[in-house]
Amino acid sequence: MDLTPYVTNLRNELAVAAEAGGEDARALAERLTAPLDSAVRLTLLEALSAAADEITTDLAPGSVELRLRGREPGFIVTPPPTDESFAGAAQPAAGMTPPPVLDADDGAMARINVRLPEQLKARIEEAAANEKISANVWLVRAAAAALDSGTTRRAEPNRATVGAQHITGWVR
């Protein structure tokens, strides 16, 4: 998405408004518009980012991401999975529950920075790509499933359970 037409339009509108103030105002407006270019671009990017966040909230579990290539923004849209994409998926085993469906209307979104080993990051991206969802959506689902299943707490091993292995979960 090229922001140049929007920045140029704002520059022209400022010049038209300055014409009403006379020659001094017009000269001042011309001197101010060049340094304002970066500030205008940053403000437009912030507005686009906020719009992408709102759209993601409404589109969940799909998402919209704003990415920069040089000075120009671009959108990456990950649509929500369709029912057909799950047609060939394995059904949960008896007694198992599928991952929770998150309600996107429950409030504001929050951002968190996570440092992952490169190998784990690659595995997460691969798993998300296999499900045709973004890595962010995949991580949100995994975190919610872990919290809902109660597997986030580690018990101290005792002699009665050492060596015992139990695996529970839901797999596609």
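Q: Is Glu-65 buried, partly exposed or exposed?
A: This is a predicted model. Glu-65 has a relative accessibility of 26%, so Glu-65 counts as partly exposed. Its salt-bridge partner is Arg-67, with 3.0 Å between the closest N and O atoms. Arg-67 is partly exposed too, at 43%.

Q: How many salt bridges does the structure have?
A: Side chains of opposite charge can pair when their charged atoms come close. Here the count comes to nine.

Q: Where do Lys-121 and Glu-125 lie?
A: Both are in helix α3 (residues 118–130), four residues apart, which is about one turn of the helix. Lys-121 is partly exposed at 34% relative accessibility, and Glu-125 is partly exposed at 38%.

Q: Which parts of the chain does the pair Glu-131 and Arg-141 link?
A: The two side chains meet in a salt bridge of 3.8 Å, N to O. Glu-131 sits in the loop between α3 and α4 (135–149), and Arg-141 in helix α4, 10 residues apart. Glu-131 is partly exposed at 24%, whereas Arg-141 is buried at 15%.

Q: What is the angle between α1 and α2?
A: Two packed helices are described by the angle between their axes and the distance between the axes. Helix α1 (residues 4–19) and helix α2 (residues 23–59) pack at about 150°, with axes 9 Å apart. The two are therefore roughly antiparallel, and their crossing is right-handed. The contact residues comprise 10 nonpolar, two polar and five charged.

Q: Which residues are linked with Arg-11 in a network of salt bridges?
A: Asp-37, Arg-41 and Glu-72 are linked with Arg-11 in that network. Arg-11 in α1, and Asp-37 and Arg-41 in α2, are also among the residues where the two helices meet.

Conventions. Residues numbered from 1 in each chain as written. Predicted model: local features only at pLDDT ≥ 70, side-chain atom pairs only at ≥ 80, totals over all residues. Heavy atoms only, no water. Axes fitted to C-alpha atoms, helices over the stretch in contact; angles between N-to-C directions. Parallel < 35°, antiparallel > 145°, perpendicular 65-115°, else oblique. Left-handed = near helix turned anticlockwise from the far one by under 90°. Contact = heavy atoms within 4.5 Å. Nonpolar A, V, L, I, M, F, W, Y, C, P; charged D, E, K, R; others polar. Salt bridge = Lys/Arg side-chain N within 4 Å of Asp/Glu carboxyl O. Buried < 20%, exposed > 50% of the residue type's maximum accessible area, 1.4 Å probe, protein only.
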